[in-house]
Amino acid sequence: MAGDRLHQVLAALSAGGADVWSPAWLCAGCVKIVGVTGAGVMLMSGDIPRGSLCTTNAVSHLIEELQYTLGEGPCIDAYQQDQVVTEPDLADPVTRRWPAFTPPTVAAGVRAIFGFPLRVGTVRLGALNLYRDRPGPLTGSQHADALVVADVTARWVLEAQAGAPAGEVAAALETGADFHFTVHNAAGMVSVQQQISVTEALIRLRAYAFSHDRLLADVAEDVIARRLRLE
């Protein structure tokens, strides 16, 4: 049965005659195969989000931006806990979590959200995020499809990156992705200015963005343009 489901997912992703897969193609395929409103893929390294590989619409893009800025949400938990994270009723959850992430996400129309870890063996790469504009859990079949899609996506990412030069992101992964290079540049500047580690600088940038109700990417642009200097 698992093999049949894998073949079905691969056939669905290959439908339409695409000779070469892309992040956008994978995200769009996730939506169709699982039957959700939108999807996004976040890549992570250590405990730090590296950015969004792909999103399918403005709301899924906002979901990724908020998780990157706030450091909380279903993708963060799915990656860190290495397990599926589900919230079938984000507006009225049984257990309240993600206090900063939830209000703007609900305001954007998200009613149910699900995070599936991306991993190949012991290698963890990030998480697949799925959302719906109505509350309710995934069916058993949808959940099983999402697990297979997450596995296929993880293997595609690993294979794409394997062909890249050391220290560089594979060209296939950069197409349509948002790896927040501006944020990493800003963190480097803050690190030098305050003589702290880049990780600590990123934490301070994130704290500033949160306390001023701004997206991290916007704060980073101000730091690089020297319109803002963190003290």
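This is a predicted model: local features need pLDDT of at least 70, side-chain atom pairs count only at pLDDT 80 or more; totals for chains, interfaces and linings use all residues.
Q: Which residue does Asp-145 meet in a salt bridge?
A: Numbering runs from 1 along each chain as its sequence is written, while side-chain values use heavy atoms, with hydrogens and water left out. A salt bridge means a side-chain nitrogen of Lys or Arg within 4 Å of a carboxyl oxygen of Asp or Glu. At 2.7 Å, N to O, the side chain that pairs with Asp-145 belongs to Arg-5.

Q: How many residues apart in the chain are Asp-145 and Arg-5?
A: Helices (H or I, at least four residues) and strands (E, at least two) are DSSP runs, numbered from the N terminus. Asp-145 sits in helix H6 (residues 140-162) and Arg-5 in helix H1 (residues 2-14). The pair thus links distant parts of the chain, with a gap of 140 residues.

Q: Is Asp-145 buried or exposed?
A: Buried is under 20% relative accessible area, exposed is over 50%, and partly exposed is in between (1.4 Å probe, protein chains only). Arg-5 falls in the buried class. Its salt-bridge partner Asp-145 is likewise buried.

Q: Why are Asp-151 and Arg-155 about one helical turn apart?
A: An α-helix has 3.6 residues a turn, so residues three or four places apart point the same way. Asp-151 and Arg-155 form a salt bridge, with closest N and O atoms 3.2 Å apart. Both belong to helix H6, and they are about one turn apart because their spacing is four residues.

Q: Which residues make up the network that includes Asp-222?
A: Asp-222 has a salt bridge to Arg-227, the closest N and O atoms lying 2.7 Å apart. Asp-222 is buried at 15% relative accessible area, whereas Arg-227 is exposed at 58%. Salt bridges with shared partners tie together Arg-214, Asp-222 and Arg-227.

Q: How far from Arg-132 is the nearest side chain of opposite charge?
A: For charges, Lys and Arg are positive and Asp and Glu negative, with His and the chain ends not counted. Arg-132 lies in strand S5 (residues 123-132), and it is buried with no salt bridge. The nearest opposite charge is on Asp-133, at 6.5 Å.

Q: What is the relative accessible area of Val-110?
A: Val-110 is in the loop between helix H5 (102-107) and strand S4 (112-120). Beyond four places in sequence, its contacts (heavy atoms within 4.5 Å) include Val-59, Leu-90 and Arg-132. Val-110 counts as buried because its relative accessible area is 0%.

Q: What geometry does the aromatic pair of Trp-98 and Phe-101 have?
A: Rings of Phe, Tyr and Trp (its six-membered ring) pair if their centres lie within 6.5 Å; planes under 30 degrees apart are stacked, over 60 edge-to-face, and the rest tilted. There's one aromatic pair in the structure. Its rings sit 6.0 Å centre to centre with 90° between the planes, making it edge-to-face.

Q: How many of the eight residues of helix H4 are buried?
A: Helix H4 (residues 74-81) is mostly covered. Among its buried residues are Cys-75, Ile-76 and Tyr-79.
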